[in-house]
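Welcome! Here is a structure to explore through questions about the words used to describe it. Have a look first, then read on.

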Amino acid sequence: MAFTKNILCIGAGYVGGPTMAMIAHKCPEYKVTVVDINAGRIAAWNSDALPIFEPGLLEIVGHARNKNLFFSTEIASHIAEADIIFVSVNTPTKTFGEGSGKAADLQYWEKTAREIVKASQSDKIIVEKSTLPVRTAEALERILNANDKNIHFEVVSNPEFLAEGTAISDLRHPDRVLIGSHETKAGLAARTIICDIYAHWVPREKIITSNLWSAELSKLAANAFLAQKISSINSISALCEKTEANVSEVARAIGADSRIGGKFLKASVGFGGSCFKKDIMNLVYICESYGLHEVAKYWSSVIAINEYQEHRFVKAMLTAMFNTVATKRIAIFGFAFKADTGDTRESPAIYIAQRLLEERAVVVVSDPQALQNARVDLKNAPGALEFVDDPYRAAAGAHAIAVCTEWELYKTLDYKKIFASMEKPAFVFDGRNILDHAALFEIGFNVFPIGKGALKHF
Ligand code: UDX
Ligand code: ADP
């Protein structure tokens, strides 16, 4: 079959891979190719051991791969044949120079833009899929359209709102798809073409269009609002622990107000992931650069509360365990930044493990998907560190368990058996409030949830 459109995605990561797999799956008449400079990653996309763990992803990739979905390291030739190029290369926080620690590092984006110019022989639509600072398209357009080949590149912003662990259902049933473009004739035409891709499976009323700058800013603002909700409930969790209020009851009561909404009100050891901190720092940097210092301060406080929550968790462990954890074995249940992913970027567990190692504890990390990443994250951490798949073996001989990821698995373990294998007094610090605290207390554990009174036998 002759394909009606050639779609290319540059960057085969968490965003590019699943998004293109869904487009290929839903649009069999389009040829979808995903390229990356990382040959190992591309080889993994071409195998059954995909480079990322995401429920339902392998099935979707399996349906379309080598029919209308292709993974390749041949970047230039695929740029040349593409009508539409999605760019989802990484945009990490800058670690050097001006804006270090805050601004987005756009070097991969700029390099990609230059590669596109070099390899192109015809007009193309360039879609910003990565999260970018507001008004990035302005600079990109200058680079792209400063070519002497008389080629026009129309830049469209189509930020991705998928969350890890639920990427496939988020892509299949998105709350909305956002497409921002210039409101010129060429811009509106490009907008329509991108809308038509999603209209294959997303109801038209859920496809929102806007100007380019609103779309770029909406992605940053959405992540900032979500993170702000978590920091708000986490700040209340600290107050709950002082006042005998129960944070789950408070969350339920306030979330029932439809103006607040019940989602993203789970108090936790802190939010992680590749987006929230990075995007808020980016927002803060942009506000500062426009002289909006009060606005910058407001959003910075969302990060400050998150760090406070992580510090508080470790402090609570130390205080409960008689102010010392030196030589004590502590099992960390869950290292991923959330359940159903192997991703550990910005995971609170990294900080917690490092702090416990500094306190000279023997740290045993357990996780059903994230041990490979955990080993990399902790490769320079000093002290006694073990990585153990089986949670029973991880907890055997431990003084404490710290739950850092809300894996279903941890809810169904045999805690009587675990208790019997642990040193006494045995502690559980439930950084996700997922366990049955009363039942654990009954077994004999001293239980320290987040935002609720501790259950202690002493
Ligand atoms: C987020 C956004 O949700 C998504 O729309 C955007 O495209 C990318 O960033 P992601 O980081 O994959 O997605 O996961 P998310 O479900 O948002 O969780 C982020 C962190 O917040 C996790 O560490 C999670 O455990 C934590 N969290 C979430 C809480 O602590 N409490 C909650 O109530 C919800
Ligand atoms: P995200 O979570 O935004 O998808 P990832 O880091 O998972 O980010 O993926 C980004 C991908 O982009 C990586 O696999 C990286 O190798 C790839 N990449 C970065 N620069 C380029 C480039 N110039 N050409 C092709 N791929 C690139």
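Helices (H or I, at least four residues) and strands (E, at least two) are DSSP runs, numbered from the N terminus. This is a predicted model, in which local features need pLDDT of at least 70, side-chain atom pairs count only at pLDDT 80 or more, and totals for chains, interfaces and linings use all residues. Residues are numbered from 1 along each chain as its sequence is written, while chains are lettered from A and ligands numbered from 1 in the order in which they are written.

Q: What makes the place of Pro425 a loop between a helix and a strand?
A: Pro425 lies between helix H16 (415-421) and strand S13 (427-430). The bond that joins Lys424 and Pro425 is a cis peptide bond, with omega about -5°. Most peptide bonds are trans.

Q: How many helices and strands are there in the protein?
A: The protein has 17 helices and 14 strands.

Q: Why is the protein called as compact as a globular protein of that length?
A: The radius of gyration is taken over C-alpha atoms, and the globule rule is 2.2 Å times the number of residues to the power 0.38. For 458 residues the rule gives 23 Å, and the radius of gyration of the protein is 24 Å, close to that value, so the protein is as compact as a globular protein of that length. The C-alpha trace spans about 75 × 50 × 45 Å along its principal axes.

Q: How do you know whether Asp389 is buried or exposed?
A: A residue is buried if 20 or more other C-beta atoms lie within 10 Å of its own, exposed if 12 or fewer, and partly exposed in between, with C-beta atoms placed from the backbone. Asp389 has 10 C-beta neighbours inside 10 Å, so Asp389 counts as exposed. Its place is the loop between strand S11 (385-387) and helix H15 (391-395).

Q: Why is Asp340 called buried?
A: Asp340 has 20 other C-beta atoms within 10 Å, so Asp340 is buried. The residue sits in the loop between strand S9 (329-333) and helix H13 (348-358). Although Asp340 is not a glycine, its phi is positive, about 65°.

Q: What makes Arg360 partly exposed?
A: Arg360 has 15 other C-beta atoms within 10 Å, so Arg360 is partly exposed. Arg360 lies in the loop between H13 and strand S10 (362-366), and its phi is near 70°, a positive value in a residue other than glycine. Most residues other than glycine have a negative phi.

Q: Why is helix H1 (residues 16-26) called largely enclosed?
A: Ten of its eleven residues are buried, so helix H1 is largely enclosed by the rest of the structure. Among the buried residues of H1 are Gly16, Pro18, Met20 and His25. Over the protein, buried residues make up 47% of the 458 residues.

Q: What makes a set of residues a nonpolar core?
A: Such a core is a set of buried Ala, Val, Leu, Ile, Met, Phe, Trp, Tyr and Cys residues joined through C-beta atoms within 7 Å. The largest one has 73 residues, of which Ile330, Ile332 and Ala402 touch the most other members. Helix H11 (residues 276-289) gives the largest share of this core, seven residues. A second, separate core of 56 residues includes Met22, Cys27, Val32 and Ile60. In soluble globular proteins, nonpolar side chains tend to be buried together.

Q: How do you know which residues Asp389 is in contact with?
A: Two residues are in contact if their C-beta atoms, placed from the backbone, lie within 7 Å. Leaving aside neighbours within four places in sequence, Asp389 is in contact with Ser366 and Leu371.

Q: Why is ligand 1 said to lie between domain 1 and domain 2?
A: Domain bounds come from an automatic or database domain assignment. Domain 1 (5-202) and domain 2 (244-458) both give residues to the shell around ligand 1, so ligand 1 lies between them. That shell has 19 residues, the closest being Lys266, Ser268, Phe271, Gly273 and Cys275; a residue is near a molecule if its C-beta atom, placed from the backbone, lies within 6 Å of it. Helix H9 (residues 212-243) gives the most to this shell, with three residues.
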